[in-house]
Amino acid sequence: MPDTRKPRPASVQPYSGPAGGWGSLRSVESMLLKEERVATGNAVLLRQNKPEGYSCVSCSWAKPKVPYPFEYCENGAKATSWEITRKSIGTDFFERHTISELLKWSDYDLEKIGRLTHPMRLDRERDRWVPVAWEDAFREIGAELRGMDPKRTVFYSSGRASLETSYMYALFARLYGHNNLPDSSNMCHESTSVGLPLAIGAPVGTVQLEDFDKTACILSFGQNVGSNAPRMLHPLQSCAKRGVPVIVFNPLRERGWERFTNPQSPVEMLTRKETRIASQYHQLRAGGDIAAITGVSKALIEADDLAMAAGRAPLLDHAFIQQHTHGFDSYAAWCRAQEWSEIERWSGLTRQAMQDAASVYAAAPTAMGIYGMGLTQHKKGVDNVRMLVNLLLLRGNIGKPGAGILPVRGHSNVQGQRTVGISEKPELVPLDGLAVQYGFEPPRDTGMNTVEACEAIVEGRVQAFIGLGGNFVHAVPDTDRMEASWPTIRLTVQIATKLNRSHLINGQVAYLLPCLGRIEEDVQASGPQMVSCEDTMTHIHASWGKVAPASPHLLSEPAIVAGIAKSTLEPNPKVPWDDWVGDYSKVRDAIEASYPSVFKDYNKRVHEPGGFPRPLPARQRDWKTETGKANFLVPGGFRTDLETDLDDGEILQLVTLRSNDQFNTTIYGYEDRFRGISGTRQVVLMNRADAEARGLGEGDTVALATAVDDGIRRQVRGLQVVFYDIPRGAIGGYYPECNPLMPLWHYAEDSKVPAAKAIPVRVELEKRAVMAAE
Ligand SMILES: Nc1nc2c(c(=O)[nH]1)N[C@H]1C(S)=C(S)[C@@H](COP(=O)(O)OP(=O)(O)OC[C@H]3O[C@@H](n4cnc5c(=O)[nH]c(N)nc54)[C@H](O)[C@@H]3O)O[C@H]1N2
Ligand SMILES: Nc1nc2c(c(=O)[nH]1)N[C@H]1C(S)=C(S)[C@@H](COP(=O)(O)OP(=O)(O)OC[C@H]3O[C@@H](n4cnc5c(=O)[nH]c(N)nc54)[C@H](O)[C@@H]3O)O[C@H]1N2
Ligand SMILES: [Mo]
C-alpha cells in the first residue's frame, strides 16, 4: 500500500462547470465502480431519503414529503457507496499490517480498504489488532469501566448514530454516573445551540422546507452548499428561477452558490443549461461577518430614518420590533455609532456593496438567513450567529412563512442526538423525569464538552474514552498533542464502520467494535428494525436498512451499546436492555415517555412522509427567552478572531476547508472539482498578492506555523502554494490535514467550538517550485 501522505503534484485548473451537472454524474458512477457496487448501488440509491427507504448517511438536509425521483446528490451517493462497498477487512488484514505501519497510511487509504468486519482487541506486544469474541469484549470492557471513576470517563458521539442508539448511550452514561457526553456538534453548530436560545428562545433553526416556496430573499453566510448540502440546491434553484434574490457572503466564490445544473433534469443536462443562483456575491474578509452585518443593518436603519422623515413607507418592521423584540434601541445605537471606514476595513467590503445588499433585503417582504461553519467556527462564532438574527429581526423575518433562520447542520443526526439526551449540559436534559422513569439518581454536574475532554486527556485526567462513531483524535484541534497524550488513557473503545486514524492511536487497553451502518438491514428478535433521525429542519423520520450487512459478525449500534452497558451496570429491571435491542419500537416508547411533548405518538408519526416536526415555539413567535421577546444582541466589537491587528502583514488567517471529495475526515478522493484542485490535498490557497509579498510563487512548497506564543511549536509541512481567489490576509487549507495548527484553546467564546476558520499562521518557504520539479 503506498504512503500517500506524501504530497503529489497538484493540478490546478479553474473549474468552469456548474455545481451538479455532468461532472456530478460522472463522479457518482466512478465512485460506485471503485466500490464495486454499480448494479446494487444504483438500485439502492433509489431508496435514499424516501418514505420506507433509508435516510442518507451524509448531511442532515431535510427529506421532502414528496421526494424527487432521485432524492440524492453526488456526495450523498458517494457516502452510500462508501458504506455499502463490497470491500471489507478480514482479520488477516491485521495479521499482515502492524499498527505502526498503518499509522503511515493516508486517511484515504485507511478507509478505502473497506468495512470493518470483526470485533478486535489491541495486542500491544505484537502492535496489532487481534480478533476477540463479542461476549469477551463486552465482559472485559465492563470490568474495566466498573473499576473506574465514571467522572473520569468520556463517551463521545459523532452525529450519525440514530435517535434510538443515542438515547440508550446517553442513558448508559448517566446510569454509570457522568454527563461527559461530548458530541461532534461541539466542533460544529454549538455556536448555534448557544447563540440562538438567548436570541429567539430556541436552539435550532426555524425554517421549514416549504418556506423556500414562499421566500422573497435569501441571505447566505459561510456555508458551502455545492459540497456539503447539495440537495439544498434543488429548492435554491427553484427560488432562483422565480427571481428570488440570493445574497451570498463568503470569502471564497463557492460554485454551488454561483450556478447549478440539475442532474435530475434531462433537459438541463442535455442543453447544459445552468441556473444562476447568487444575485449578489460578497467576498468579505474571513472573520468579517460582524462588520458586514453591521454595515447592512446600518444602511437599513439609516435609510429607514430618511424614509420616515420624508413620510415614505418605513424599511424596518416597526410593529414587529415593538411587539416582539427587546433591545432594538441599543442595537440601532451601536450600528449608528460605527464609522463606515471601520466597517469597510473590518468587513473587507465597500459601503456600496453593503448598501446594495441592504436595499435588496429591504425590498423583500420575506427573507431567510442560511449559514454554516463560516459563522460558527470563529472566536466570535456565537456573536456571528446572533448578528444574523439581529439582521432578520430588523424586518420581522422570524416566525412568518417564507422567513426564518436556517443553520445547516452537519452530520445526519447530529441535531437529534442532542434532542434525546446526548449533552454535557444537564440543564438541557429532563433529569428529574429520567430519575423517576428508571429509578436512579442521575449525575447533576456539568460534563465535559469536546474541548474540555481534550484538555482533560492532555492533562492525563481521563481513564476511558468510548467513541460512538467518528474520528475524534483527527477531528479535534492540536492533533500532535492529542496523539501524544492519548496513550495516557487506560481504556479506549471505538465503535465504527471503517478504519481511521483514531483506531491507530489507542489507550493501554483498546477495542475496535464494528457496527452495522444505517443502510444495512438490521434484523433483531422481533424482525427487521428501522431507526429514526432528526434533520436540520427538526423533522424526525424513519430509516430502513436496505442492503445485506457487510459481515455476519457485525452488531447493530443499539446491541453494542446495550452489550457494554449490561456488563458495566448492576441489573435494573426498569432498564430492559435486551427488550430494547430485540425491538427498537420499545426504545421509541421509552423516548416518548422521557420527552412526551416532542415525541408524542412517536411510533406512529415517524412513518409520515417527510417526518414529523418538533414543536418550535419561535416559529409561532412564542419567544421562550427571559425577556419573553426575541432579543437584539449587541456584539462586543468587530474583532472576531486574531489577537493581532488586521494590518499585521506577517500573520495570515488560515481558514480550514472541506473539499468536494470528503465527508469530514473521510476522504473519498483527491478531486476538489469545484475549486479546480486535483491530485493532492497538501495545498495552501493564497491570494497572489499575499504570496508575492512573501516572495512565494505558485507551486512552491511551504510550511505553515501557528503564530501564537504559548511555548508549543505547531507546524504542518509540505504544502504547495496555489494562487486562489481569496481575500488578502486569509489563506485556505484542508481539514483535517491542518488540524495540528489549531491550538486547543483557540475556540469560540461561550460555545467552545474550535475556531477552525481563523487560525493565525506564518508561511515558511521550504522548497522552490523549480527545485521541486527536479
Ligand atoms: N459532502 C460533505 N457533506 C458534508 C460534510 C462533508 O465534509 N462533506 N460535512 C458535514 C458537516 S459535519 C458539516 S458541519 C457541514 C459543514 O458544511 P459548511 O458549513 O459548508 O462548512 P465548511 O465546508 O467548513 O465551509 C464553510 C464555508 O464558510 C466559508 N467561510 C470561511 N470563513 C468564513 C467567514 O469568516 N465568513 C463567511 N461568511 N464565510 C466563511 C468557507 O469559504 C466555506 O464556503 O457539512 C456537512 N455535510
Ligand atoms: N480544522 C477543522 N476541524 C474540524 C472541522 C473543520 O471545519 N475544520 N469541522 C468539525 C466538524 S463540523 C465536525 S462535525 C467534526 C467531525 O468529527 P467526527 O464526527 O468525529 O468525524 P467523522 O470524520 O465524521 O467520522 C468518520 C468516521 O465515523 C465512522 N462511522 C461512519 N459511519 C458510521 C456509523 O454509522 N456508525 C459508527 N459507529 N461509526 C461510523 C467511520 O469509522 C469513519 O471513519 O470535525 C470537526 N473538526
Ligand atoms: Mo459538523
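Me: Which backbone atom lies 2.6 Å from an oxygen atom of ligand 1?

Reply: A polar contact here is a pair of N or O atoms within 3.5 Å; within protein, one must be able to donate a hydrogen and the other to accept it, and residues adjacent in sequence count only if both atoms are side-chain atoms. In this case, a backbone N or O atom of Gly287 sits 2.6 Å from an oxygen of ligand 1. Asn664 also brings a backbone N or O atom, 2.7 Å from a ligand 1 oxygen, while a side-chain N or O atom of Asp289 is 2.7 Å from a nitrogen of ligand 1.

By the way, this is a predicted model: local features need pLDDT of at least 70, side-chain atom pairs count only at pLDDT 80 or more, and totals for chains, interfaces and linings use all residues. Residues are numbered from 1 along each chain as its sequence is written, chains are lettered from A and ligands numbered from 1 in the order in which they are written, and side-chain values use heavy atoms, with hydrogens and water left out.

Me: How much of ligand 1 does the protein bury?

Reply: Accessible areas come from the Shrake-Rupley method with a 1.4 Å probe; for residues, only the protein chains shown count as cover. Taken alone, ligand 1 exposes 920 Å², and the protein buries 99% of that.

Me: Okay, ligand 2. Which residues come nearest?

Reply: A residue is near a molecule if one of its heavy atoms lies within 4 Å of it. Around ligand 2 there are 31 residues, and Glu111, Tyr156, Thr665, Tyr735 and Asn739 come nearest. Asn739 has a polar side-chain atom 2.7 Å from a ligand 2 nitrogen. An N or O atom in the side chain of Ser158 is 2.8 Å from a ligand 2 oxygen.

Me: Where does ligand 2 lie relative to the domains?

Reply: Domain bounds come from an automatic or database domain assignment. Domain 2 (88-184 + 413-609) and domain 4 (652-773) both give residues to the shell around ligand 2, so ligand 2 lies between them.

Me: And helix α12: why is it called largely enclosed?

Reply: Helices (H or I, at least four residues) are DSSP runs, numbered from the N terminus, and buried means under 20% relative accessible area (1.4 Å probe, protein chains only). In α12 (residues 233-241), 7 of the 9 residues are buried, so the rest of the structure largely encloses this helix. Among the buried ones are Leu233, Pro235 and Cys239. Over the whole protein, 66% of the 774 residues count as buried.

Methods. Buried means under 20% relative accessible area, exposed over 50%, partly exposed in between (1.4 Å probe, protein chains only). Helices (H or I, at least four residues) and strands (E, at least two) are DSSP runs, numbered from the N terminus.
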